[in-house]
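Here is a short note for a colleague who is opening this structure for the first time. Please read it with the view beside you.

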Amino acid sequence: MMHLGQEPVMKVAEPLGERYCARLVALPPALNTGNALIDDEHRQLLAVMQQLRTVCADPERLADCLGCAGARRQACEHAVVGILGDLFAFILEHFASEERIMRDAMMAVTEHDLCAAHIEDHAAIAQKVQEIVSRLDFAHTVARIRELDGLLGRWLDNHIGMHDLILVGWLGKGSQPPPDAR
Ligand SMILES: [Fe+2]
Ligand SMILES: [Fe+2]
């Protein structure tokens with residue numbers, strides 16, 4: 001079906017994005033670290049995911065953007081490029097915040113391996129975002145949206161649970177990481 005103007009690309013059986021957006025309402029309680037700055041920045045990440053999910057009419061099912069009118073494809077690509085610019089700036093700022101907290105708390109001195117793994121994962125996430133940006137093209141914006149959504153989802157589910165919670169837990173316990181973190 002050809003897509004005209006800014007209307008949805010295709011009619012879908014269920015309300016648009018309902019399932020896709022279901023878990024973006026709030027930061028899951030299990031991912032609340034208790035550190036106000038870090039949690040606030042994670043909520044900003046959720047907001048970026050939410051924004052990304054509203055760009056395409058059916059990001060779950062469209063294989064590519066070739067069924068959409070040229071104006072719509074351009075609008076989607078423009079929107080994603082803008083979100084990616086904000087996302088990349090946010091990523092750098094957020095990772096710098098956490099790494100500054102580690103340094104200020106001297107965590108790297110006593111927990112070198114934990115900090116190194118955390119910082120390494122930050123670098124891997126940033127690199128993956130850059131890879132996705134480098135493969136942007138107006139005919140496959142929807143595929144990049146899916147990749148980014150998956151990456152950001154894994155960041156939320158895995159990175160925060162595996163690294164950020166340990167960082168804040170360590171700070172709260174006065175330099176003692178959780179027993180299962182070793
Ligand atoms: Fe982190
Ligand atoms: Fe984080």
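1. **Ground rules.** This is a predicted model, in which local features need pLDDT of at least 70 and side-chain atom pairs count only at pLDDT 80 or more, while totals for chains, interfaces and linings use all residues. Residues are numbered from 1 along each chain as its sequence is written, and chains are lettered from A and ligands numbered from 1 in the order in which they are written.

2. **Overall make-up.** The chain has 6 helices and 0 strands. From the N terminus, the order is α-α-α-α-α-α. Helices (H or I, at least four residues) and strands (E, at least two) are DSSP runs, numbered from the N terminus. The chain has 182 residues, and 25% of them count as buried. Buried means 20 or more other C-beta atoms within 10 Å of a residue's own, exposed means 12 or fewer, and partly exposed lies in between; C-beta atoms are placed from the backbone. Take the contacts between residues at least 6 apart in sequence: 76% join residues at least 24 apart. A contact here means C-beta atoms, placed from the backbone, within 7 Å.

3. **α2 with α6.** Helix α2 spans residues 36-53 and helix α6 spans residues 141-172; their axes come within 10 Å and cross at roughly 170°. Axes are lines fitted to C-alpha atoms, for helices over the stretch in contact, and angles run from 0 to 180 degrees between N-to-C directions. The two helices are therefore roughly antiparallel. That term needs an angle over 145 degrees; under 35 is roughly parallel, 65 to 115 roughly perpendicular, and the rest oblique. On the α2 side the contact includes Leu45, Met49 and Leu52; on the α6 side it includes Leu148, Leu152 and Leu156. By class, the contact has 10 nonpolar, 1 polar and 3 charged residues. Ala, Val, Leu, Ile, Met, Phe, Trp, Tyr, Cys and Pro count as nonpolar, Asp, Glu, Lys and Arg as charged, and the others, Gly among them, as polar.

4. **α2 with α3.** Helix α3 covers residues 70-104, and α2 packs with α3 at about 165°, the axes 11 Å apart. So α2 is roughly antiparallel to α3 as well. Among the residues that meet are Leu45 and Val48 of α2, and Leu87 and Phe90 of α3. This contact divides into 8 nonpolar, 4 polar and 3 charged residues.

5. **α3 with α6.** These helices pack at about 15°, with axes 12 Å apart. They are therefore roughly parallel. Val80 and Ile101 are among the α3 residues in the contact, and Ile145 and Leu167 among those of α6. The classes here are 6 nonpolar, 1 polar and 5 charged.

6. **The core.** The largest nonpolar core has 24 residues. Such a core is a set of buried Ala, Val, Leu, Ile, Met, Phe, Trp, Tyr and Cys residues joined through C-beta atoms within 7 Å. Cys56, Val142, Ile145, Leu148 and Leu152 have the most contacts inside it. α2, α3, α5 (112-134) and α6 each give two or more residues. The largest share, 11 residues, comes from α6. Leu148 touches Leu52 and Ile132, leaving aside residues up to four places away in sequence.

7. **A residue to check.** Met106 lies in the loop between α3 and α4 (107-110). Met106 is not a glycine, yet has a positive phi of about 60°. Most residues other than glycine have a negative phi. Is Met106 buried or exposed? Met106 is exposed, with 10 other C-beta atoms within 10 Å.

Methods: Contact = placed C-beta atoms within 7 Å.
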